[in-house]
Amino acid sequence: MSTDLAPGANLAALRKERGWSQAQMAKKANISVSLLSKIEVGDRALTPAVAAAVGKPMGLSMAEVMGTTPVTRGAKQPLEDLRAAIRDYDLPGREAVEESRLSADMGAADRYRKKVDVSSLLTMLPKLLRDATTNAYAVNTAQSWMVLADAYSTVYWLAARHRWMDMAELAVTRQRWAVEEKSNPLGVAVAARDRAGTYLNFGDVERGLSLVDRSIAEAQQKLDSTDRDIAVCILNLRGMTLAGRLRDKKEAKREAEGTFGPRWPRLRG
């Protein structure tokens, strides 16, 4: 559902369409009226967990409550090109890709991401994704497939930011596929971190935490030294975010302490 409204304002519009007061909506969703009021006026962010909670009595998904960011006229073609590049995930180009240029483009994409320059990032991503695909098939090393996985990780970030949930889910699926083409346990951990983010986006916190726990166990078994510490750290950070979204605060604290606390000393050691 594309909307020009911010998520909170979109929620207010959906509530009013049904003729519900804030008190009625809050009761149906099992949240406080104060929280609902703050979300609707933009004083508090509409989180995926709350969006899922308010969506249930309305018969709407979390994504429908959040709405998707509308695409500007200038972004429509790059977005179509990006979707096409994702569809062509196993169709490399015929012309060789210069690895130094690919590396420079990946660096530029990373800078755009850090600056939250989504317009520039969207413009360059379709070609970057195709170049990374062509290079991975041509070179066929763990590093080249990891570069492709990193490109898909950036696609995931962009899609999640715009609430393009279908693209976000597809991006993490392609990301996992890329790191499995050549054995790369660290890449698998990074892909699991992003996949857990999709559960967060859809408000399915418990499954996301289960994925994090499983992935941490795999990383501890398959990785050594620095790579293991990196993998466990990024997965723990995702686990902390997920645990913070649990409705039961005692359970959230238990999960946070169980997922993050005991393992943290090993990261510092």
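1. Helix axes here are lines fitted to C-alpha atoms over the stretch in contact, and angles run from 0 to 180 degrees between N-to-C directions. Two packed helices are described by the angle between their axes and the distance between the axes. This is a predicted model, in which local features need pLDDT of at least 70 and side-chain atom pairs count only at pLDDT 80 or more, while totals for chains, interfaces and linings use all residues. Residues are numbered from 1 along each chain as its sequence is written, and side-chain values use heavy atoms, with hydrogens and water left out.

2. Overall make-up. The protein has 15 helices and zero strands; helices (H or I, at least four residues) and strands (E, at least two) are DSSP runs, numbered from the N terminus. Of its 269 residues, 47% are buried. Buried means under 20% relative accessible area, exposed means over 50%, and partly exposed lies in between, with a 1.4 Å probe and protein chains only. Among contacts between residues at least 6 apart in sequence, 67% join residues at least 24 apart; a contact means heavy atoms within 4.5 Å.

3. Helices α1 and α3. The axes of α1 (residues 7-17) and α3 (residues 33-41) come within 6 Å and cross at roughly 115°. That makes α1 roughly perpendicular to α3. Angles of 65 to 115 degrees count as roughly perpendicular, under 35 as roughly parallel, over 145 as roughly antiparallel, and the rest as oblique. On the α1 side the contact is made by Gly8, Ala9, Leu11, Ala12 and Arg15, and on the α3 side by Leu36, Ile39 and Glu40. By class, this contact of α1 with α3 has five nonpolar, one polar and two charged residues. Ala, Val, Leu, Ile, Met, Phe, Trp, Tyr, Cys and Pro count as nonpolar, Asp, Glu, Lys and Arg as charged, and the others, Gly among them, as polar.

4. Helices α7 and α8. The axes of α7 (residues 99-114) and α8 (residues 118-139) come within 10 Å and cross at roughly 145°. The crossing of α7 and α8 is left-handed; that is, the near helix is turned anticlockwise from the far one by less than a right angle, whereas clockwise would be right-handed. Residues in the contact include Leu102, Met106 and Tyr112 of α7 and Leu121, Met124 and Leu128 of α8. The contact of α7 with α8 divides into 10 nonpolar, two polar and six charged residues.

5. Aspartate 131 is in helix α8. Is aspartate 131 buried or exposed? At 11% relative accessibility, aspartate 131 counts as buried. Not counting residues up to four places away in sequence, aspartate 131 touches Val97, Arg101 and Leu102.

6. Helices α10 and α11. The axes of α10 (residues 165-181) and α11 (residues 185-201) come within 9 Å and cross at roughly 165°. The two helices, α10 and α11, are therefore roughly antiparallel to each other. The crossing of α10 and α11 is left-handed. Among the residues in contact are Val172 and Val179 of α10 and Val188 and Ala191 of α11. By class, the contact of α10 with α11 has seven nonpolar, four polar and four charged residues.

7. The nonpolar cores. In soluble globular proteins, nonpolar side chains tend to be buried together. A nonpolar core is a set of buried Ala, Val, Leu, Ile, Met, Phe, Trp, Tyr and Cys residues joined through side-chain atoms within 4.5 Å. The largest core has 61 residues, of which Leu82, Leu129, Leu148, Val155, Leu158 and Met167 touch the most other members. Elements giving two or more residues to this core include α6 (76-87), α9 (142-162) and α12 (205-222). The largest share, 13 residues, comes from α9. Leaving aside neighbours within four places in sequence, leucine 129 is in contact with Leu82, Ala85, Ile86, Leu148, Ala151, Tyr152 and Val155. Apart from this core lies another, of 21 residues, among them Ala26, Ile31, Val50 and Met62.

8. Backbone points to check. Most residues other than glycine have a negative phi. Valine 116, in the loop between α7 and α8, has a positive phi of about 55° although it is not a glycine. At 36% relative accessibility, valine 116 counts as partly exposed. Serine 225, in helix α13, is also not a glycine and has a positive phi of about 50°. Serine 225 is partly exposed, with a relative accessible area of 46%.
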